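Take a walk through this model, one contact at a time. Keep the sequence beside the 3D view as you read.

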Amino acid sequence: MLKKIFHELRIYSDDELVAEAMKIAFEDGTDAKTSLGLAEDPCSSGAEDCQRMLDVGTSASCEYSNGFSSDTSYNEEKENCNLTKRKGKAKIKAKSKKGRTRKLVDREKDKCIDDSYLAKVEHLAKIREKQEEDKASVKLHSFNRDKENTGALSSGNVETLKYLESSHPVKLKCSMSGKHGPIQYPEVILCVEIYHSKASWKKTQEFLVLGSQCLTELRDKIHCLTDQVMQKADAHDPSGYFLIEGVFCNDTRDPSAIEYSEPILDWLKNCKEEALTKWNYILAGVGKRRKLPVGSKPVSKLPTFMAVNMQSTRFCDLGFRLGTGYVYCHQGDCTHCMVIRDMRLIHPDDVQNRAAYPLLVHQLKKILKKCTVCRIYKATKVTLDDKLAGENPCYFCDNCYYLLHYSEEGNLLYSSFTVYDYLQDYY
């Protein structure tokens, strides 16, 4: 029963339909010929037998006539020979008539086979048509590009976002941290890239950000190992800023946060000559210990710098240039390069739920460091100057670390080493 249901629900392609129909037709044709016993042509065999009989009769009569000289006997034999010929011709006519009848029967059988073949092809075509109708009826609403429902959030869109969040956590991640709601048109989407703090050539994350979103929404999505290290050390600093076209956007949401831009602005105000010299080096693209290239024209005035609150500043309120590197600073001196790579209007193929943005579209994969002992689990501890370790520094998973350094009662066996929590970083 299950096999029959599965066969009915199977989706046939055009090539499979043709192959199935040809297979059924050939099987029916073979069975029909086998049942009728038409392996050989009966008409041809019957005609050959009659012709052999005539040849035998003729040769016998001729031999007999040569043995007798009388006319009477010769006439009798001639009549017998003619009679034999007539009987042979009558048999040939009967055989040919029977063969024609058999051919007519074969034609009717072939016609019946053709009709059954066409009926089965039509049946398979109806199955294929029904399957296409079923596929169209269960099509996801999120892929139905009706102009009336373009800006509205449907249950199909929400289910699609949940599926993408669960099945593609690296390539496309929707946090759904904000309120669900449709995006108001017209809306601009920015492609923002974040680079590694040490390996500045490696892009760690890429987001799609709405122009109407505040900068704090993007900052909360940026992942950096320094934040985790400072939290482990109970020295986490909630302060930070974006520097975009001379505007310091400070994060002052936390009461304990400080404005990183304040000492920088004071230095620009009190040390104008030193700041102007460094600014010329920055514009020329050379280090502070090298001279300016020949032909370069140093500027005589610093640009205007200002400070604003990050939580009240939207991307559409700022002036920026595509492809230009800007600064994101946090945890005191951990700086990242931020590039606004692209800007475009939103279209129906984009996610229409505002709560999904900033939308993570790229995440640099982690190369996990495995335990030096078991080579199976990822490392969570790192030891220095450990006398029982085979390497220095040596990486351990939780199981191997406690089995090597602690007794069954839970007492530390020796303490002549230094241990740290090991946090995996992007490489």
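**A buried aspartate, a pocket and some charged pairs**

The side chains of Asp237 and Ser239 are joined by a polar contact of 3.1 Å. Bear in mind that this is a predicted model. Asp237 sits in the loop between helix H7 (225-232) and S3. Does it lie buried or exposed? Asp237 is buried, yet it has no salt bridge. The nearest side chain of opposite charge belongs to Arg219, 7.1 Å away. A salt bridge here needs a nitrogen and a carboxyl oxygen within 4 Å.

Now turn to the largest pocket. Its space comes to about 640 Å³. The lining has 24 residues. Leu243, Trp279, Ile282, Phe305 and Val327 lie nearest the centre of the pocket. Which elements each supply at least two residues of the lining? They are strand S3 (240-244), helix H8 (261-270), helix H9 (272-284) and strand S6 (325-330). H9 gives the most, with five residues. By class, the lining holds 17 nonpolar, four polar and three charged residues.

Helix H9 also carries a charged pair. Glu274 and Lys278 form a salt bridge, with their closest N and O atoms 3.6 Å apart. Both residues lie in helix H9, four residues apart, which is about one turn of the helix. Glu274 is partly exposed, at 40% relative accessible area. Lys278 is also partly exposed, at 39%.

Next come pairs that reach across the chain. Side chains of opposite charge can pair when their charged atoms come close. How many salt bridges does the model have? The count comes to twelve. In one of these, the side chains of Arg341 and Glu193 meet at 3.0 Å, N to O. This pair links distant parts of the chain: Arg341 is in strand S7 (residues 334-345) and Glu193 is in strand S1 (residues 188-195), 148 residues apart. Glu193 is buried, with a relative accessible area of 6%, whereas Arg341 is partly exposed, with 39%.

Lys381 and Asp421 make another salt bridge, at 2.8 Å, N to O. They too link distant parts of the chain, with Lys381 in strand S9 (residues 381-384) and Asp421 in strand S11 (residues 418-421), 40 residues apart. Lys381 counts as buried because its relative accessibility is 15%, and buried means under 20%. Asp421, at 42%, counts as partly exposed.

Methods. Residues numbered from 1 in each chain as written. Predicted model: local features only at pLDDT ≥ 70, side-chain atom pairs only at ≥ 80, totals over all residues. Heavy atoms only, no water. 1 Å grid on protein atoms, 1.4 Å probe; cavity = no way out; pocket = protein on both sides within 12 Å on 5 of 7 lines; lining within 4 Å. Points joined across faces, edges and corners; volume = space filled by probe spheres on them. Nonpolar A, V, L, I, M, F, W, Y, C, P; charged D, E, K, R; others polar. Buried < 20%, exposed > 50% of the residue type's maximum accessible area, 1.4 Å probe, protein only. Lys, Arg positive; Asp, Glu negative; His and termini not counted. Polar contact = N/O pair within 3.5 Å; in protein donor to acceptor, adjacent residues only side chain to side chain.
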